[in-house]
Amino acid sequence: MKVKRVEAMMGRPEGLKLIDENGKRLDGRKKYELRRIDMEVGVLKNADGSAYVEWGKNKILAAVYGPREIHPKHLQRPDMAVLRVRYNMAPFSVEERKKPGPDRRSVEISKVIRGALEPALLLEMFPRTVIDVFIEVLQADAGTRVAGITAASLALADAGVPMRDLVAACAAGKIDGEIVLDLNKDEDNYGEADVPVAIMPLKNDITLLQMDGYLTRDELLEAVKLAIKGAKAVYQKQREALKEKYLQIAQEVAGNE
Ligand code: ADP
């Protein structure tokens with residue numbers, strides 16, 4: 001368990017209730033309610049694919065380059081493309097300025113995000129190349145890895161990288177003894193557990209499953225099921241965001257005729 005969680009649980013303000021007697025959370029949500037999520041595809045002119053996701057107070061930008069020639073060359077694979085992922089938090093993304101550059105957490109998150117995206121990509125179609133995915137967290141409020149996966153998957157689709165399915169992600173967790181969907185920062189800080197999950201919805205394949213905190217086996221099962229439900233709702237929003245981009249292009253083309 002993260003030292004951060006232990007410290008936070010110990011530093012929890014006295015009398016703070018994460019769920020009130022009416023079942024409402026600190027931000028007014030019900031137990032199984034997602035934060036507000038907005039997505040936009042194709043937001044950067046110079047990347048091959050891009051997406052911007054606002055998820056509650058999280059603000060996340062994803063950019064994709066490739067498939068393109070890989071440098072340094074010795075990293076190339078003769079049978080498939082290499083997928084490189086960099087998750088980065090801006091210094092101004094959190095309350096106290098974060099030191100710029102990679103740290104243990106961002107290296108770990110980059111790695112698990114790569115693992116979550118890789119099964120969806122037809123990397124074998126592009127041997128000896130690289131696909132680079134950059135995830136920039138501009139503002140963070142817990143759940144940035146699931147929001148980052150969601151944005152990166154959209155950016156990959158926007159770049160035209162052939163995919164088996166989109167990857168959609170969402171977390172569930174436990175606060176004040178209750179399993180709830182999509183923890184925000186206070187809930188993540190003072191709650192008992194957080195379970196981020198990523199799926200490829202067409203085949204119900206799970207590509208990321210992590211757990212931070214304490215849960216019984218039954219609670220973990222309940223949290224995973226709930227997170228999958230959340231991810232399916234996220235998936236619908238991803239599809240709409242992708243369609244929206246092509247509707248706009250179609251309208252522009254029709255306007256020019
Ligand atoms: P996730 O963002 O995927 O939930 P974590 O559970 O590691 O990942 O982090 C939870 C939240 O803690 C982040 O979204 C962010 O709001 C906050 N956080 C993470 N790292 C820092 C940091 N270095 N300084 C301040 N807040 C941080």
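A nonpolar core is taken here as a set of buried Ala, Val, Leu, Ile, Met, Phe, Trp, Tyr and Cys residues joined through side-chain atoms within 4.5 Å, where buried means under 20% relative accessible area, exposed over 50%, and partly exposed in between, computed with a 1.4 Å probe on protein chains only. The structure is a predicted model, in which local features need pLDDT of at least 70 and side-chain atom pairs count only at pLDDT 80 or more, whereas totals for chains, interfaces and linings use all residues. Residues are numbered from 1 along each chain as its sequence is written, and side-chain values use heavy atoms, with hydrogens and water left out.

By the definition of the core given above, the largest one has 65 residues, and those with the most contacts inside it are Trp 55, Leu 117, Ile 149 and Leu 156. Helices (H or I, at least four residues) and strands (E, at least two) are DSSP runs numbered from the N terminus, and among these elements H5 gives the most to this core, with ten residues. A second, separate core of six residues includes Leu 18, Ile 175, Val 180 and Tyr 190. In soluble globular proteins, nonpolar side chains tend to be buried together.

When neighbours within four places in sequence are left aside, Ile 149 is in contact with Ile 113, Ala 116, Leu 117, Val 167, Ala 169, Ala 198 and Leu 208. In helix H5, where Leu 226 is placed, this leucine counts as buried at 11% relative accessibility, and, with residues up to four places away in sequence not counted, Leu 226 touches Tyr 32, Ala 172, Ile 179, Val 180 and Leu 181. Leu 226 and Leu 26 are 200 residues apart in sequence, and their C-alpha atoms lie 20 Å apart in space.

The packing of two helices was examined next. The axes of helix H3 (residues 144-158) and helix H5 (residues 217-256) come within 11 Å and cross at roughly 35°, the axes being lines fitted to C-alpha atoms over the stretch in contact, with angles that run from 0 to 180 degrees between N-to-C directions. The crossing of H3 past H5 is right-handed, a term that applies if the near helix is turned clockwise from the far one by less than a right angle, left-handed being the anticlockwise case. On the H3 side, Thr 150, Ser 153, Leu 154, Ala 157 and Asp 158 meet Val 234, Gln 238, Leu 242 and Lys 245 of H5. The residues of this contact divide into four nonpolar, three polar and two charged, with Ala, Val, Leu, Ile, Met, Phe, Trp, Tyr, Cys and Pro counted as nonpolar, Asp, Glu, Lys and Arg as charged, and the others, Gly among them, as polar.

One aromatic pair is present in the structure. Rings of Phe, Tyr and Trp (its six-membered ring) pair if their centres lie within 6.5 Å, and planes under 30 degrees apart count as stacked, over 60 as edge-to-face and the rest as tilted. The ring centres of Tyr 65 and Phe 134 are 6.1 Å apart and the planes stand at 80°, so the pair is edge-to-face. The pair links distant parts of the chain, with Tyr 65 in strand S3 (residues 58-69) and Phe 134 in strand S5 (residues 129-139), 69 residues apart. Tyr 65 is partly exposed at a relative accessible area of 28%, and Phe 134 is partly exposed at 24%.

Most residues other than glycine have a negative phi, and most peptide bonds are trans. Ala 142, in the loop between S5 and H3, has a positive phi near 75° and is buried, with a relative accessible area of 13%.

Notes. Contact = heavy atoms within 4.5 Å.
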